[in-house]
Amino acid sequence: MADMKKELWGPLYERYQDPDRPHRMLALDGGGIRGVLTLEVLLRMEQLLAQATGKGDAFRLSQFFDYVAGTSTGAIIAAGIARGMSARELLEFYKQTGPAMFDKASLLSRLRYQYESQPLAAELQKTFGKETTLFPKDLQCLLLAVTRNVTTDSPWPISSNPEARYNLSTRADCNLCIPLWQLVRASTAAPIFFAPEVLRWDPNDPSKHFVFVDGGMTPYNNPSFLLYRMATNPAYNLGWKTGERNLLLISVGTGAAPTLGLTPADPTQNVVSNLAGIPGALMYGAQVDQDINCRLVGRCVYGAPIDRELGDMIPGAPADQDLGRAFRYARYNAELTSKALNAWGLGDIDPNAVSQLDSVAHVGDLSRVGKRLGEEIRIEHFGSFV
């Protein structure tokens with residue numbers, strides 16, 4: 001049995017052989033170019049953890065987090081982390097290639113989607129490698145990418161866990177064989193913005209060829225609670241031990257705010273133009289729901305208030321006191337409203353501009369918001385996991 005597990009896990013065997021040791025997880029929201037905001041937060045987190053662990057410039061988030069999940073733009077970042085890239089490298093990637101990723105489609109194609117898929121695909125191949133897969137030999141930690149299978153009308157969270165049911169290398173349709181760049185491209189194919197991606201799970205079986213779109217079109221635009229389930233539920237064959245001192249879950253958003261839409265005075269005004277806002281509305285609703293689930297089941301040590309009724313759901317007891325929750329949890333996300341930005345001294349930033357998934361012209365402002373959010377991180381939030 002041990003030899004079989006060694007073969008499955010390859011170079012990651014020593015790290016993952018004990019399911020009962022404490023584990024750390026990182027979940028990253030979708031949000032288009034707003035991933036720049038996420039990366040500024042991760043850069044600050046990386047700096048704090050590098051100092052706390054004494055590893056300095058050699059430190060990578062893939063060394064600290066055992067399982068990294070992402071949806072849409074979060075999948076790009078999570079894949080980069082799992083490949084061993086630093087937060088700074090990924091931030092430079094976003095700043096340099098953002099305009100190329102959102103290259104306008106031709107006028108004819110724009111009737112179906114706004115941007116060309118080829119530039120994004122080319123950048124992903126260049127960054128992650130055309131032949132890179134989800135097998136342990138290609139990654140430095142476990143990875144989860146969320147996408148949506150349009151053909152079967154279902155969410156498809158794809159994990160690199162080599163013991164998962166559909167990841168066995170003996171299967172013709174083994175998940176791990178899918179090129180990493182193409183899986184990430186599928187997770188970022190937001191309707192209206194990008195064309196769908198076709199993935200051939202079994203190249204020799206047309207019935208295993210499917211059409212995929214953005215994982216943000218599922219309930220898992222914020223994949224935090226999904227990640228918890230897939231790490232602990234026996235069905236996924238990982239079975240990590242739960243408990244506030246056994247499991248850490250850090251969740252990072254891309255910034256969010258409810259968008260005011262139609263009014264009762266004119267309920268049909270601009271219905272067509274509002275179609276482009278549907279992905280953002282779905283993403284906002286999904287990220288809030290996943291956040292609430294995590295605060296209910298986990299022990300929240302940091303997070304902005306959910307609403308006036310729920311508050312922040314942070315227990316009043318000291319953070320180092322074990323309350324018997326399933327995991328330790330922190331949620332870092334920025335509220336992209338005029339009121340919140342003013343409170344942070346960023347009142348000159350237009351919240352409507354930075355809220356857009358394709359806000360390439362406002363990358364600098366997104367970076368400023370991310371840096372300010374990063375100031376909220378405290379090493380104490382990680383508790384005994386550091």
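In this predicted model, Y16 is buried, and W240 is buried as well. A search of the whole structure finds 15 aromatic pairs, and one of them is formed by these two residues: the ring centres of Y16 and W240 are 6.4 Å apart and their planes stand at 10°, an angle under 30 degrees, so the pair counts as stacked. Because Y16 belongs to helix α2 (residues 13–16) while W240 sits in the loop between α9 (224–232) and β7 (247–252), the pair ties together parts that are 224 residues apart in sequence. Ring pairs also link Y16 and W240 with W9 and Y67 into a cluster.

What is the arrangement of the rings of W156 and W201? Their centres lie 5.2 Å apart and their planes are at 85°, so this pair is edge-to-face. W156 lies in strand β4 (residues 154–159) and W201 in the loop between β5 (197–200) and β6 (209–214), so parts that are 45 residues apart in sequence are tied together by the pair. With a relative accessibility of 4%, which is under 20%, W201 counts as buried.

In soluble globular proteins, nonpolar side chains tend to be buried together. Here the largest nonpolar core has 108 residues, and those with the most contacts inside it are L42, M45, F65, Y67, I250 and Y332. Helix α3 (residues 35–53) gives this core its largest share, 10 residues. Setting aside neighbours within four places in sequence, L42 is in contact with L26, L28, L61, I77, I81, A87 and V252.

Methods: Residues numbered from 1 in each chain as written. Predicted model: local features only at pLDDT ≥ 70, side-chain atom pairs only at ≥ 80, totals over all residues. Heavy atoms only, no water. Core = buried A, V, L, I, M, F, W, Y, C linked by side-chain atoms within 4.5 Å. Buried < 20%, exposed > 50% of the residue type's maximum accessible area, 1.4 Å probe, protein only. Helix = DSSP H or I, 4+ residues; strand = E, 2+ residues; numbered from the N terminus. Contact = heavy atoms within 4.5 Å. Phe/Tyr/Trp six-rings, centres within 6.5 Å; stacked < 30°, edge-to-face > 60°.
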